[in-house]
Amino acid sequence: MLARLDAVRVRPVAAAAAHVPVRPGWQCAGCGEPWPCQVRRDRLLSEYAQNRAALGVYLGLHLADASSDLRREPAGDLYARFLGWLRPT
Ligand SMILES: [Zn+2]
């Protein structure tokens, strides 16, 4: 019950502002670029600055979902798009 009350108080961020992926094409809702777009990548890097391993897991889960939606995309291209831009710290 408490969790439900808290959830009501949280104002949802508009999809466009959040730069979230639109399935099944995996374009960004905010800018139309292939997700994760540059804006989202920058935000993820700052959100996960203290936990890059968790960012890798987060992106890996999205890669798995995208792989099932984008079956015609070469796996190497999808990997580069979702995980290849991450630099080791
Ligand atoms: Zn975007």
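How many other C-beta atoms lie within 10 Å of Trp 26? The count for Trp 26 is 19, and the residue is partly exposed. The legends below describe a predicted model.

**Figure 1. Overview of the protein chain, with 5 helices and 2 strands.**
Along the sequence the elements follow the order α-α-β-β-α-α-α. The chain has 89 residues, of which 11% count as buried. Of the contacts between residues at least 6 apart in sequence, 23% join residues at least 24 apart.

**Figure 2. The loop between strand 1 and strand 2, where Trp 26 is placed.**
Strand 1 covers residues 21–22 and strand 2 covers residues 27–28, and Pro 24 is in the loop between them. The peptide bond joining Arg 23 and Pro 24 is cis, with omega about 5°. Trp 26 is a residue other than glycine, yet its phi is positive, near 60°.

**Figure 3. The loop between helix 2 and strand 1, with His 19.**
Helix 2 spans residues 15–18, and His 19 lies in the loop that leads from this helix to strand 1. His 19 is not a glycine, but its phi is positive, at about 55°. Is His 19 buried or exposed? His 19 is buried, with 22 other C-beta atoms within 10 Å.

**Figure 4. The cis peptide bond between Trp 35 and Pro 36.**
Omega of this bond is about 0°. Pro 36 lies in the loop between strand 2 and helix 3, and helix 3 covers residues 38–47.

**Figure 5. The crossing of helix 4 and helix 5.**
Two packed helices are described by the angle between their axes and by the distance between those axes. The crossing of helix 4 with helix 5 is right-handed.

**Figure 6. Residues in the contact of helix 4 with helix 5.**
Helix 4 contributes Gly 56, Leu 59, Gly 60, His 62, Leu 63, Ala 66 and Ser 67. From helix 5 come Ala 75, Leu 78, Tyr 79, Phe 82 and Leu 83. How many of the residues in this contact are nonpolar, polar and charged? There are 8 nonpolar residues and 4 polar ones, and no charged residue takes part.

Note on methods:
Residues are numbered from 1 along each chain as its sequence is written. This is a predicted model: local features need pLDDT of at least 70, side-chain atom pairs count only at pLDDT 80 or more; totals for chains, interfaces and linings use all residues. Helices (H or I, at least four residues) and strands (E, at least two) are DSSP runs, numbered from the N terminus. A residue is buried if 20 or more other C-beta atoms lie within 10 Å of its own, exposed if 12 or fewer, and partly exposed in between; C-beta atoms are placed from the backbone. Two residues are in contact if their C-beta atoms, placed from the backbone, lie within 7 Å. A crossing is left-handed if the near helix is turned anticlockwise from the far one by less than a right angle, and right-handed if clockwise. Ala, Val, Leu, Ile, Met, Phe, Trp, Tyr, Cys and Pro count as nonpolar, Asp, Glu, Lys and Arg as charged, and the others, Gly among them, as polar.
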